[in-house]
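I opened the file to look up a few things. These are my notes, in the order in which I took them.

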Amino acid sequence: MGQIVVLDRNMVNMIAAGEVIERPASVVKELMENSIDAGATRITVSIEDGGRKLISVADNGGGMDGEDLAAAFEPHATSKIKTSSDLRGISTLGFRGEALASIASVAQVRAVSRTRSDAGGNCVEIDCGDKGSISPCSADVGTTIQVRDLFYKLPARRKFLKTANTEMGHITERFTRIALANRDLDMTLTHNGREVYKLVGGQSLRQRIAELFSSEISENLLDIESSEKGLHIYALLGKPVISRTTSKFQYIFLNGQFIRDKFISHAIKEAYRGILEPDRVGVVFLFIQMPYEDYDVNVHPTKIEVRFYNANLVHSQILGCLREKLLGTNLDIDAKLPATAAAKAGQGDAVAARERSQKIADAMAEFFKKHRPVQTQQQFGPTSKKSFGAVGSTGLQTTERRTGVAVPAFGAGEKKFLQIHDSFIVTQTDDGFVIIDQHALHERIIYEDLCRRIRESKLESQKLLIPESFEVTDAQTDALQTNAELIEKLGIELVPFGPKTVAIQAFPTLLSKAAPLDFVQDLLDLLTDKDLSLDAERLLDEVLNMAACKAAIKAGQKLTMSEIEKLLADKEKTEYASRCPHGRPTTIKFSISDLEKQFKRT
Ligand SMILES: Nc1ncnc2c1ncn2[C@@H]1O[C@H](COP(=O)(O)OP(=O)(O)OP(=O)(O)O)[C@@H](O)[C@H]1O
Ligand SMILES: [Mg+2]
């Protein structure tokens with residue numbers, strides 16, 4: 001009895017602050033968002049000691065009069081919504097009326113503000129929820145809020161703060177997000193009196209990215225703009241050469257608010273599929289504009305997540321326009337001399353292959369170790385006596401014998417190409433030359449051709465002389481039904497053969513060396529493996545990938561002139577020719593001007 005007490009207002013605010021104010025960076029975000037909502041065109045953020053000692057945000061926005069300044073630090077005090085109906089369609093960054101109250105309950109705060117219509121300003125000080133009275137003071141139009149000694153009365157939370165450098169890193173990240181979304185604003189960030197960023201309003205997104213990140217990033221981005229079904233998308237997409245190992249460089253904004261969203265992240269990942277290696281992540285700056293009524297922003301304490309009412313539309317539209325752009329762009333890598341850039345892109349940050357990808361890769365490797373696709377003459381037959389004859393538009397019927405004629409020296413006659421180390425092809429272009437990885441390029445050509453054939457019909461198959469039957473479990477029967485289309489496309493024909501028994505009647509020619517029964521059973525194991533949750537599309541992709549890899553000409557294989565010509569001609573006709581199906585580059589470009597610079601001719 002009598003154990004339960006209602007906490008006093010200060011305690012309630014302190015507890016609420018835990019949700020919104022996690023660290024100094026959260027304070028910076030809240031104060032900057034308030035400045036933007038107040039219509040500021042200039043924001044100055046000054047930090048001392050990673051924000052432990054001081055966070056000051058000064059703006060030239062609309063300001064507050066004395067009465068509003070007194071009210072602003074009360075819990076649930078906001079000028080941004082009035083009734084519950086306003087909650088649907090929020091267009092400001094803030095709306096809950098809790099940020100200032102939360103901040104003021106866990107630090108020493110001094111706020112100075114002046115409206116345009118007032119001759120002078122007002123000032124208030126709050127010490128961990130203990131508010132002083134409003135007093136007049138001289139001030140420019142706008143608001144300055146200084147937050148000192150964050151969490152000083154909450155030693156447990158203060159202890160939790162990291163070093164000044166780490167906290168400053170978080171602050172810089174929040175500043176960066178806001179700066180990317182508000183390019184009209186003049187924005188300055190200083191740390192211990194030293195200028196970190198001084199950004200001029202009116203910059204283009206690319207200019208801002210160059211200042212906030214690097215010119216290497218800003219120079220390797222592709223522009224996208226699309227507007228459909230009430231959704232406007234503007235994005236700068238990173239070329240593979242600047243890909244990363246984490247999604248930290250994916251900036252997604254919804255109506256100017258930085259968000260994280262699993263549907264959008266998935267769409268981005270899918271858009272880059274086959275363009276990046278599985279352990280690399282694309283750099284993306286994505287700005288979405290849509291009616292405020294089409295999503296709920298009130299689902300997360302820091303508003304970093306939203307709920308879309310039609311997430312499928314958002315997903316499909318983003319995937320569609322990003323993939324179209326990536327598909328339609330020549331992504332050959334520009335060589336950087338001296339040759340450090342390509343190596344750097346390969347090594348990058350420590351490569352941490354994602355677990356699931358690895359699991360799938362392992363399972364597939366195991367699968368294909370057992371069931372090697374064969375290379376028959378009527379397929380691509382690089383090991384046959386016929387020339388490899390890429391399965392491009394001219395088909396597979398190349399009958400020309402390998403003549404063993406040596407490829408001419410570079411530049412001899414009209415043939416302006418050369419095979420080096422029996423692995424790479426060097427060919428002249430209008431403004432320089434390119435080096436092509438013969439295996440990687442051929443792999444892509446075959447892969448695309450297989451995809452095209454599969455889109456049009458299915459893989460060629462042959463009837464088994466004696467159908468092979470096997471028993472199936474309920475789960476396998478389900479998997480067979482769910483993936484019926486995939487199985488048919490692969491050229492595998494299965495028919496019911498009594499209760500819980502199925503017979504294989506036809507099997508793909510491409511896999512004619514594999515034992516049909518083993519293959520189909522292993523395929524079913526993969527499809528029913530809950531851990532992998534491999535969908536039919538991914539499995540088909542893996543099968544085609546593997547087939548292309550096995551059938552493609554190898555590194556170390558000498559090619560005839562006509563084979564090289566065919567390869568180069570097929571490159572022109574093939575989508576995605578800049579990357580092999582695993583996302584590795586096929587081609588590196590060198591420009592004459594780069595060479596001239598290296599040789600100090602210019
Ligand atoms: N820099 C500023 N300039 C002018 N008015 C401000 C400024 N900062 C805060 N205010 C006023 O104080 C009110 C309270 O701010 P606070 O950040 O606590 O809540 P909010 O922005 O309305 O909602 P949220 O808690 O979601 O941020 C705001 O609604 C706004 O009217
Ligand atoms: Mg706010």
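What length does helix α18 reach from its first C-alpha to its last, and what is expected at 1.5 Å a residue? I found that α18 covers residues 561-573, 13 residues, and reaches 19 Å, close to the 18 Å expected. The expected span is 1.5 Å times one less than the number of residues. Helices (H or I, at least four residues) and strands (E, at least two) are DSSP runs, numbered from the N terminus.

I noted where the entries come from. This is a predicted model, in which local features need pLDDT of at least 70 and side-chain atom pairs count only at pLDDT 80 or more, while totals for chains, interfaces and linings use all residues. Residues are numbered from 1 along each chain as its sequence is written, chains are lettered from A and ligands numbered from 1 in the order written, and side-chain values use heavy atoms, leaving out hydrogens and water.

I then listed the buried residues of α18: E563, I564, K566, L567, L568, D570 and K571. Buried means under 20% relative accessible area, exposed over 50%, and partly exposed in between (1.4 Å probe, protein chains only). An α-helix has 3.6 residues a turn, so residues three or four places apart point the same way. The buried residues of α18 pack against β18 (417-420), β19 (424-429), β20 (432-437), α13 (438-456) and β24 (587-591).

I followed these strands into their sheet. The open sheet has five strands in the order β17-β24-β20-β19-β18, with mixed pairing. β17 (333-334) and β18 stand at the edges with a single partner strand each, so one side of each has no neighbour in the sheet. Two strands pair if DSSP finds at least two bridges between them. β20 and β24 pair in the antiparallel sense over five bridges, and I436 stands opposite T587 in β24.

Next I looked up N220. N220 sits in the loop between α8 (215-218) and β10 (221-228). Is N220 buried or exposed? N220 counts as buried because its relative accessibility is 13%. Leaving aside neighbours within four places in sequence, N220 is in contact (heavy atoms within 4.5 Å) with L237, G238, K239, V241 and I242.
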